Amino acid sequence: MSKIITVKNLHKSYGKKEVLSGVSFALEDGQIIGLLGPNGCGKTSLLKILTGLIHDYKGEVQIDGLPIGVESKKLVAYLPERSYLANWMSAKDSIETAASLFTDFNRDKAYAFLKDFELTPLMKVKSMSKGMQEKLLLTLTMCREARLYIMDEPLGGVDPAARIAIKQTILSNRPKGSAMLISTHQIHDLEDVFDHALMIRDGKVIADEHVDKIRAKGKSLEEYYCEKHGIPGFVPKTHAQQTAAPSGDLAAQLEALRQSDPEAYAKIMQSQNNQQ
Amino acid sequence: MFRLIKNEIKSTAHSMMGIYLATIIAIGLLVLAQTAKIGWLSAISFLVIILLAFLLVFITIMCIIMNFSRSLYGAEGYLSFALPVKGGTLLGAKTTVSVLWLFVSFFISIGVFFGTMTYVSANMENSEELLLIKDLVATFVSFPNKGVLVVTGLFNALFLFLLMLVLLVDIFFAITLANTRQFQNQNVLWGILFSFIFVIPSLVLGINLTNRAPLSFMLTAKSVGIISEAMTVPKELSAYMPQDNWGFRLGIAGMLFMMAVSAGLLYLTAFLMNRKTNVK
């Protein structure tokens, strides 16, 4: 399988502080890759380098064999950690802007997303909650026919119902054969989604493994993460716990939501049916 | 490029329209007050219009600077720099639209100022303002022929365009340099400092070269050409006026200097955008 991302000996510093220190890895195409690590470990800097937002770094970075530049950016749809939408814009304005700037943007799909997310086209960005803005940004990202989707903390700062809706949208709208690189420190919520895990700590890669291999060792991804990061208080699960569905399992999360908030659950299921 | 320009116009129009709308409202109030003969409203709206006419270009420059900074190095930079275009293309679109707004504001400012003065003076017989406007019109009428008038207008428009371009490109370069790693922590402070460092020498040199360097464009009713003499004008204001009956003369060394500075700084800004800047 070809490599969608290749990084060799990457260094990035802010003043005297080195946030990425000789990072090297190569990720296979067509996978959902979890970029995992605590806050401040260099995840966002790495994603910014991949998307062309940071230019002063040392090392070699390629996307699908292309150096970071105009051609590599054509392949990438990026969901940043913070909103890039101007406050005066409406949801419709932002969709039309994306449609005019990206040739692979699907306008009709975007309006269908808005409907599913219960966002009205004329709603202004400044009147949207954090969760609503996140859904709009997700719409703008997922309605592109990209080769690689890069998402920085897509579930950060949103309520559980919105988290499930976002997760559902990511999974059910990913074009066939495309790859995803999702940065998060909320492993619990996305554990069942990842095919591959790339763990970073203090600017260095500490794990680069297929999730199946981790599970074959009898560990969940969250447990493996805790082990790798030496998080105190980590208690290995019992065999029964290990063989049960992973804690981040989407079905389990949906069931929990159904019991706690039936209305939100019904909306998500309706949205899923519409998207399918 | 066309798509970027279209999008840039759309996103900047939002802030620019506010200023133009304020001017239109003030004009409307003045007309209303004059018609209804409401003295106090007439005086206030007249003052607001004159103030807006003077401040319009300044406010436009401030809006352009804020838009440039926010759309590239603020939160909106996450979209701008992720677009599959080169830094130079992005910069070209922003510069084109910025110059366009500056031109629009400049002409609205001139138009509003003279229009308002004429309108108000029309109600006062032999007012000083009216005589001044009549003198100004008479000056333009005294041009040797229509062709000279048109070429003079175009040449002055080019001079004005270059002044605006140099001003903007200097500021764009200053903001971009302030957003490279070394200066990024205090980018606003460095941006302002760099703006003064680059803008003042560029404009002073450009204007002085225009007035004093022995290279001028001369146009008369019978001939047109470049001469190796300075513009020889007593005051800078005269650069915009015909000097005597034989035609019009404008120093071009300053214009060539401003073209070179603009091209050089645009190149350097694009280089920094492609290689050295970080979006926070």
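Keep in mind that the model is predicted: local features need pLDDT of at least 70, side-chain atom pairs count only at pLDDT 80 or more, and totals for chains, interfaces and linings use all residues. Residues are numbered from 1 along each chain as its sequence is written, while chains are lettered from A and ligands numbered from 1 in the order in which they are written. Helices (H or I, at least four residues) and strands (E, at least two) are DSSP runs, numbered from the N terminus.

**The sheet in chain A**

- Chain A has an open sheet of four strands in the order E2-E1-E4-E5, with antiparallel pairing; two strands pair if DSSP finds at least two bridges between them.
- Its edge strands are E2 and E5 (66-67) of chain A, each of which pairs on one side only.
- Strand E1 (residues 3-14) of chain A and strand E2 (residues 17-28) of chain A are antiparallel partners over nine bridges.
- Across that pair, A:Ile5 stands opposite A:Leu27 in E2(A), and A:Ser13 stands opposite A:Glu18 in E2(A).
- E1(A) and E2(A) make a hairpin with two residues between them, and A:Gly15 in the turn has a positive phi of about 65°.
- H1(A) lies across E1, E2 and E4 (58-63) of chain A, at about 60° to E2(A). Here, axes are lines fitted to C-alpha atoms, for helices over the stretch in contact, and angles run from 0 to 180 degrees between N-to-C directions.

**Chain B**

- Chain B comes to eight helices and three strands, and from the N terminus on they run α-α-α-α-α-α-α-β-β-β-α.
- Of its 280 residues, 34% count as buried, with 20 or more other C-beta atoms (placed from the backbone) within 10 Å of their own.
- The 35 residues of helix H2 (residues 39-73) of chain B should span 51 Å at 1.5 Å a residue, and this agrees with end C-alpha atoms 48 Å apart. The expected span is 1.5 Å times one less than the number of residues.
- H2(B) also has a kink of about 45°, centred on B:Leu55; the bend is the angle between axes fitted to the seven residues ending there and the seven starting there.

**Where the chains meet**

- The contact takes 20 residues from chain A and 22 residues from chain B, counting residues whose C-beta atoms, placed from the backbone, lie within 7 Å.
- On the chain A side, the elements giving two or more residues are helices H1 (43-51), H2 (70-75) and H3 (91-101) of chain A.

Key: Contact = placed C-beta atoms within 7 Å. Buried ≥ 20, exposed ≤ 12 C-beta atoms within 10 Å, placed from the backbone.
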